[in-house]
Amino acid sequence: MHRMRVIPARAGAVLLLAAAAATTPAAASRPSDAAMAERLEACAACHGEAGRSSSERYFPSIAGKPAGYLESQLHNFRDGRRRHTIMEAMLALMSDEYLADIAAYYARQEPKWTPPASAWPAEALARGRTLVEEGDAAKDLPSCASCHGESLKGVAPFIPSLLGVRPEYLSAQLGAWRSGARKAEPPDCMAEIAQRLGPQDIGAVTAWIASLPYPADHRPQPSLPHDLPLECGGVR
Amino acid sequence: MSLRGIAAAAGAVVCLGAVLWLARPEIQEWLDDSLASPGAAREAAAAGSATAAGSATDSPDATGAGGATGAGSATDRAETAGDAIAAGEYLARAGNCIGCHTRRGGAEYAGGRAISTPFGNVYSTNLTPEPETGLGAWSADDFWRAMRYGKSKDGRRLYPAFPYTSYTLISRDDSDAIFAFLKSLDPVRSARVEPDLRFPYGTKLALLVWRALYFEPRRFEPQPDRSAAWNRGAYLTEGLGHCGACHSPRGPLGGREADASYAGGNLPTVGSMEGPMEGWTAPPLRPGEPLSARDTDDLAALLKSGVSARRAVTGPMAEVVFHSLQHLRDDDIRAIVGYIASLPPLPREAAGAGTRVPARAGENLRVAGASVYAEHCADCHGRRGEGEAYVYPALAGNGQVTSASPANALRSILFGGFPPTTEANPRPHGMPPYSHQLSDYDIAAVLTFIRGAWGNDAAAVSPVDVSRR
């Protein structure tokens with residue numbers, strides 16, 4: 001594992017100076033990406049260097065996800081709306097400011113993702129494609145694309161891309177929303193969607209999304225051309 | 001009646017007699033409470049006029065220790081209501097009230113956090129001034145009675161998870177200031193959660209007996225032959241800080257062993273969540289040998305910022321730094337450190353209770369551990385375990401590494417973690433979790449290696465103890 005190293009004496013001196021000047025806001029000047037990477041080695045252990053998780057692993061890739069979305073998730077883990085033992089313990093004693101810095105750092109990173117090979121039944125793919133692109137009026141389900149963007153790359157700064165995570169992760173999140181194990185700020189639109197979807201459709205949506213190629217231009221789109229079909233507490 | 005029956009009845013009478021005899025001061029007090037309602041009118045104190053309490057004469061406790069505790073009292077005398085609230089907020093920080101009385105993600109001081117004990121769970125109460133579920137209907141006298149005597153407004157005895165065995169030392173002035181601060185909070189509705197204790201620990205009799213054994217209302221007695229700073233440190237450490245709640249060993253009934261103060265304690269159930277936060281040990285505070293100026297500087301930095309030249313706080317202590325100690329003035333931090341440095345030294349720890357590792361197996365672990373260390377640890381902690389000041393803790397000479405119980409170091413390796421964010425260290429460096437990267441054998445090996453390298457001299461750790469965590 002290669003890391004940028006700060007000269008020890010210098011790091012200590014910077015901190016001492018920061019402590020001495022703690023009354024001034026200068027103490028909070030933003031560290032470089034290399035300095036942030038060094039601070040966040042603990043995150044790299046699962047999410048990969050610069051948040052680029054390998055698609056061989058379950059942990060989601062977080063590089064390049066919208067900053068507002070990442071920040072919300074950090075708050076959700078810290079404050080008990082999302083459950084993951086290690087994430088909760090890592091974040092328990094972090095200030096809002098540090099969480100914002102961490103989210104901004106990962107949002108700035110370039111993602112790199114090779115979708116894992118997968119094979120899905122044709123009927124699941126067909127149903128999944130319909131749900132993702134058109135939704136299902138009979139079940140009062142808006143399409144995934146109506147919030148996550150036409151190419152599912154997400155919308156800055158609060159709505160995440162649906163690409164670049166393993167299908168197991170995606171279906172686990174929808175299942176967790178359905179069971180109440182994962183929550184977002186109220187009104188929790190995704191909890192509502194997951195309820196309406198049901199297990200069968202969760203599988204179908206996951207299959208279709210997993211079959212899509214990862215785009216060369218991965219950046220979330222800057223805005224949506226219409227209002228959200230549901231009210232979402234996480235989108236401010 | 002058979003002879004056996006008579007013997008059994010006599011045995012029961014003797015047992016009951018013994019229990020009642022043990023609990024007699026508590027029972028006397030309970031009778032007194034039932035016959036006369038306590039507390040003369042001292043409502044004025046609640047409005048922030050801390051001096052009113054000083055002039056009350058109905059109780060010898062009213063004069064308290066405030067006058068001897070240095071920095072706090074001089075400002076209290078010249079206060080406005082705002083100053084009293086600010087003083088109270090500071091004292092509430094020193095007592096880390098927020099740590100227990102805030103549910104994760106919940107409103108500050110609104111309670112509801114589960115405090116797990118070996119006897120079951122109790123739930124912290126709502127300290128906001130909400131009239132029905134909080135302290136809205138309480139007076140300063142009621143609050144004082146809770147702090148000093150461990151009793152609720154209705155006379156109910158409180159479970160000692162609320163550390164009134166320490167808070168009993170708090171001065172009336174300080175109690176009033178904390179109360180004035182709590183009254184200034186926004187009222188939040190948050191209903192009391194009934195404790196969930198195993199029989200017989202939840203019974204009134206159990207509480208009476210426990211209190212008879214382990215609790216006595218006390219006053220802080222300043223030592224005239226010690227400096228004001230030492231006395232301030234003693235007051236904060238023994239009283240508000242309730243450091244002994246974790247750092248002193250507890251007997252089988254959860255009472256503190258008075259003759260072993262600050263000899264360290266196990267926290268089998270303490271923590272903010274299940275899993276990684278459980279099973280820490282609180283290290284002894286009494287130094288094995290006198291602390292040098294470098295040692296006390298290091299400790300002061302650690303308590304204030306969460307990191308120091310040689311160390312970083314982890315586990316439940318990181319919570320204490322985050323919620324409480326980082327907010328204290330430097331003179332109070334120094335006072336606490338000075339008091340701790342003055343505690344009588346402790347004999348060297350006895351060997352731990354873990355699985356004994358045969359010498360040959362220990363040697364194999366050490367050899368394997370050296371390569372695990374080089375690959376995964378040396379980058380941050382240094383090739384000689386020297387760490388990096390204020391960034392990565394040193395492992396050479398680190399008491400958390402060499403303690404008889406390897407529990408804390410093991411938890412750090414398994415689950416990683418960050419020191420708390422503090423004003424002096426707003427963006428701490430984190431330790432990666434290794435529970436899913438290294439085998440139990442490799443974790444035992446690397447821990448065995450660091451416990452025996454660079455002058456460290458602690459016993460090997462068995463892979464069995466790693467997998468048993």
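How many residue pairs are in polar contact between domain 1 of chain A and domain 2 of chain A? Before I answer, please keep in mind that this is a predicted model, in which local features need pLDDT of at least 70 and side-chain atom pairs count only at pLDDT 80 or more, while totals for chains, interfaces and linings use all residues. Residues are numbered from 1 along each chain as its sequence is written, and side-chain values use heavy atoms, with hydrogens and water left out.

The domain assignment, whose bounds come from an automatic or database source, gives domain 1 as 8-16 + 31-108 and domain 2 as 122-211 in chain A. The C-alpha centres of these two domains lie 25 Å apart, and 17 residues of domain 1 are in contact with 18 residues of domain 2, where contact means heavy atoms within 4.5 Å.

To return to my question, the count is eight residue pairs, both residues at pLDDT 80 or more; a polar contact is a pair of N or O atoms within 3.5 Å, and within protein one must be able to donate a hydrogen and the other to accept it, with residues adjacent in sequence counting only if both atoms are side-chain atoms.

Finally, a search of the whole structure finds one disulfide over all chains, a disulfide being a pair of cysteine sulfur atoms within 2.5 Å. This one joins Cys189(A) to Cys232(A), with an S to S distance of 2.1 Å, and the torsion about the S-S bond is about 115 degrees, so the disulfide is right-handed.

Methods. Chains are lettered from A and ligands numbered from 1 in the order in which they are written.
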